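Dear colleague,

I am handing over the structure we spoke about, and I would be grateful if you could look through it with the notes that follow beside you. They are meant for someone who has not worked with it before.

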Amino acid sequence: MASRISPPRLFDYYVVVDFEATCEKDAPIYPQEIIEFPAVLVHGVTGELLSAFPGAATDRIAVVTWGDWDCRTLLDNECDLKNLAKPFYFERWVNLRVPFESVFGAKRRNLQEAVQEAGLRWDGRAHCGLDDARNTACLLADLMRRGASISITGMFTVLMAPKEDVVPQPSLQLMAQPLPQMSYHCFCGIPIKSDMVMTPGPMQGRCFYICGNWTPEFGATCPFFLWAA
């Protein structure tokens with residue numbers, strides 16, 4: 001019986017966040033200010049909730065939220081308002097609704113309803129930042145055990161090839177002479193890879209940068225693409 005090839009591990013750790021902001025009942029506040037910034041660390045293989053990063057440092061980290069609001073809107077507005085530099089790892093994130101719906105189906109549900117639907121016990125108080133983050137982390141671990149694919153679902157800037165060019169299929173043979181080192185990371189949070197177009201045609205011999213997780217078996221994990229100058 002042929003052995004099943006497991007997909008590559010995308011991240012060493014997931015950082016689950018759930019921001020809480022200033023609000024007033026029946027009175028919209030703008031701009032809102034983040035007043036709670038809780039984070040729960042989850043091991044990327046075991047799903048274990050951790051208190052610190054063990055061992056050597058790693059770039060293979062993904063931010064996880066329930067929904068897109070925290071990273072796409074709230075944090076972005078906060079950084080603009082206070083003229084703060086946003087860490088690169090907040091430029092892309094995992095909206096846990098996406099893998100959850102791939103397992104349980106799409107319908108309207110809040111975080112507490114999702115936790116209960118998965119058969120988990122809600123712990124703490126709803127809309128308390130740390131409690132929400134901890135429950136989201138437990139839901140993430142449960143989805144990992146169920147075999148759900150946990151990958152980047154949202155991002156800001158995507159560097160893609162020009163529309164008039166056809167994006168090449170990366171060849172299995174890497175270049176003998178690597179391109180100059182660049183400080184870019186792909187949307188997976190790891191250093192990018194370089195390759196050269198090997199397919200005969202007008203683009204043959206042109207160099208480019210791609211997702212650092214690209215492998216011949218599975219291709220790219222994220223859509224990062226940049227032509228070399």
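Two strands are taken to pair if DSSP finds at least two bridges between them. With that in mind, and bearing in mind throughout that this is a predicted model, Thr 65 stands opposite Asn 95, a residue of E7. The strands E6 and E7 pair in the parallel sense, and three bridges are found between them.

The sheet to which they belong is an open one of six strands, in the order E5-E4-E1-E6-E7-E8, and its pairing is mixed. At its edges stand strand E5 (49-50) and strand E8 (154-155), each of which has a single partner strand, so one side of each is left without a neighbour in the sheet. Helix H4 packs on this sheet, where it touches E1, E4, E5 and E6, and the direction of H4 makes about 15° with that of E4.

I then turned to the nonpolar residues. In soluble globular proteins, nonpolar side chains tend to be buried together. Here the largest nonpolar core has 27 residues, and those with the most contacts inside it are Tyr 14, Leu 96, Leu 139, Leu 140 and Ile 150. At least two residues of this core come from each of strand E1 (13-17), strand E4 (39-43), strand E6 (61-65), H3 and H4, and H4 gives the largest share, with six residues. If residues up to four places away in sequence are not counted, Tyr 14 touches Val 40, Leu 41, Val 42, Gly 44, Ala 62, Val 64, Leu 140, Met 144 and Ile 150. Apart from that core lies another, of 16 residues, which includes Val 15, Ala 21, Leu 50 and Phe 90.

Asn 83, which is found in the loop between helix H1 (69-82) and strand E7 (92-95), has a positive phi of about 55° although it is not a glycine. Asn 83 is exposed, and its relative accessible area is 72%. His 127, whose place is in the loop between helix H3 (111-117) and helix H4 (129-145), likewise has a positive phi, near 65°, in a residue other than glycine. The relative accessible area of His 127 is 65%, and this residue, too, is exposed.

With best wishes

Conventions:
Residues are numbered from 1 along each chain as its sequence is written. This is a predicted model: local features need pLDDT of at least 70, side-chain atom pairs count only at pLDDT 80 or more; totals for chains, interfaces and linings use all residues. Side-chain values use heavy atoms; hydrogens and water are left out. Helices (H or I, at least four residues) and strands (E, at least two) are DSSP runs, numbered from the N terminus. Buried means under 20% relative accessible area, exposed over 50%, partly exposed in between (1.4 Å probe, protein chains only). A nonpolar core is a set of buried Ala, Val, Leu, Ile, Met, Phe, Trp, Tyr and Cys residues joined through side-chain atoms within 4.5 Å. Contact means heavy atoms within 4.5 Å. Axes are lines fitted to C-alpha atoms, for helices over the stretch in contact, and angles run from 0 to 180 degrees between N-to-C directions.
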